Amino acid sequence: MYTNLRVTLGNLQQQEVELNYKIFNNSTSQKWASLLNKDLKRGIREDDRFYGFSTGEQSVEDSITKIKALIKRISEVRPSVDFGNVDFTNIQAEVNRIHIEFADVHLLKSDNTDELIQL
Amino acid sequence: MCDAYIVATFHVSEKIDIPEAALSAKKLAPDFGDLVINYAHVGRHIRELYYSGDLDLPIEHVKLFTNMSADFCMHFGPTPEVKQYERTLKKIEDWFKLNSSFFEKMDLDWNPQKLGINRIGVAELVDAPCDPIEQKNFQRRLSFFDKILKLELETKKKPFAFF
């Protein structure tokens, strides 16, 4: 039976903090812990998704820079994906449109090779 | 206090159906210190559609939140009021019925359990602060960190049964 999950967080200053979670003793929680136990062997995929903390807030400009970089990366790997001309002055409509494109190409297959690329 | 949270995702090897009993959990927003199952798809689930107010998307991008992987989310935001659940659920129901023509295309009827609307908690933070001021201070302390360094699971072997 899985009882606890210890999560260690860190930062660039080499500081650490440990969070201790008690895993519930029910079927769903134990099944989830079992899935986690399997996937931990392959390592964590995203370890920096922190949202809403005061020092972790992104500016709109930062977000736009990241979106532009991602579009560039997708276009390099798969030139056939056409994002068109992205209008960042009309963010809501464009985000909706791009979201559909991103969902379609989440795991990219290169146009040049059969390699699958995780973005 | 902001709604702060940390998401951990993995190179997922397996996704399984969330047991029906868990889908009926009456929680739309996690409490402070809850660790909940994260959405296991690239797509959009019903609660997300409701909060974004956006149905301008192909129906194949709608994937219900009815299965799980190892991915999880740790919450450090304000604990919602108990009454908030019923109020928000009613709002989602009204919105769902107002947009029934969209959901009929997917053969979806209003059934919060089958639609995977509720949040599923699988663990809780030990010694999580209950007081809102302490919660805010806790959240502020965590704001100095930006990376998950290590995850360790602990197990307890079942005791032998003696007959």
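**Notebook: a two-chain predicted model**

I began with confidence and found that the mean pLDDT of chain B is 89, with 96% of its residues at 70 or more; pLDDT is the predictor's confidence in each residue, from 0 to 100. I noted that the model scores ipTM 0.88 and pTM 0.75.

I recorded that this is a predicted model, in which local features need pLDDT of at least 70 and side-chain atom pairs count only at pLDDT 80 or more, while totals for chains, interfaces and linings use all residues. Residues are numbered from 1 along each chain as its sequence is written, and chains are lettered from A and ligands numbered from 1 in the order in which they are written.

**Entry 1: the elements of each chain**

I listed the helices and strands, taken as DSSP runs numbered from the N terminus (helices are H or I, at least four residues; strands are E, at least two). Chain A holds 3 helices and 5 strands, and from the N terminus its elements follow the pattern β-β-α-β-α-α-β-β. Chain B holds 6 helices and 7 strands, in the sequence pattern β-β-α-β-α-β-β-α-α-α-β-α-β. I also noted that the C-alpha trace of chain B spans about 50 × 50 × 35 Å along its principal axes.

**Entry 2: burial and contacts within each chain**

I counted a residue as buried if 20 or more other C-beta atoms lie within 10 Å of its own, as exposed if 12 or fewer do, and as partly exposed in between, with C-beta atoms placed from the backbone. Of the 119 residues in chain A, 13% are buried. Of the 163 residues in chain B, 33% are buried.

I then looked up contacts, where two residues touch if their C-beta atoms, placed from the backbone, lie within 7 Å. Among the contacts in chain A with a separation of 6 or more, 33% join residues 24 or more positions apart. For chain B the corresponding share is 84%.

I traced an open sheet of 8 strands with antiparallel pairing, in the order S3(A)-S1(B)-S5(B)-S3(B)-S6(B)-S2(A)-S1(A)-S7(B). Strand S3 (44-51) of chain A and strand S7 (147-155) of chain B stand at the edges with a single partner strand each, so one side of each has no neighbour in the sheet. From one strand to the next the twist averages 25°; the angles run from 0 to 180 degrees between N-to-C directions, and the axes are lines fitted to C-alpha atoms, for helices over the stretch in contact.

I reminded myself that strands of a sheet pair through backbone hydrogen bonds, either parallel or antiparallel. Here two strands pair if DSSP finds at least two bridges between them.

I followed several pairs in turn. Strand S3 (residues 34-37) and strand S5 (residues 72-75), both of chain B, pair in the antiparallel sense over 3 bridges, and B:Ile37 stands opposite B:Phe72 in S5(B). S3(B) also pairs with S6(B) in the antiparallel sense over 3 bridges, where B:Val36 stands opposite B:Gly121. S2(A) and S6(B) pair in the antiparallel sense over 3 bridges. In S6(B), B:Ala123 is the bridge partner of A:Ile23, and B:Leu125 stands opposite A:Tyr21. I noted that S6(B) is mostly covered, since 4 of its 5 residues are buried.

Helix H1 (residues 27-40) of chain A lies across strands of both chains, including S1 (2-10) and S2 (16-23) of chain A and S6 (121-125) of chain B, and runs at about 120° to S7(B).

**Entry 3: two residues with positive phi**

I noted that most residues other than glycine have a negative phi. A:Gln14 has a positive phi of about 65° although it is not a glycine. A:Gln14 sits in the loop between S1 and S2 of chain A. Is A:Gln14 buried or exposed? I found A:Gln14 exposed, with 6 other C-beta atoms within 10 Å.

B:Asp107, also a residue other than glycine, has a positive phi near 60°. B:Asp107 is found in the loop between helix H4 (100-104) and helix H5 (112-115) of chain B. B:Asp107 counts as exposed, with 6 C-beta neighbours inside 10 Å.
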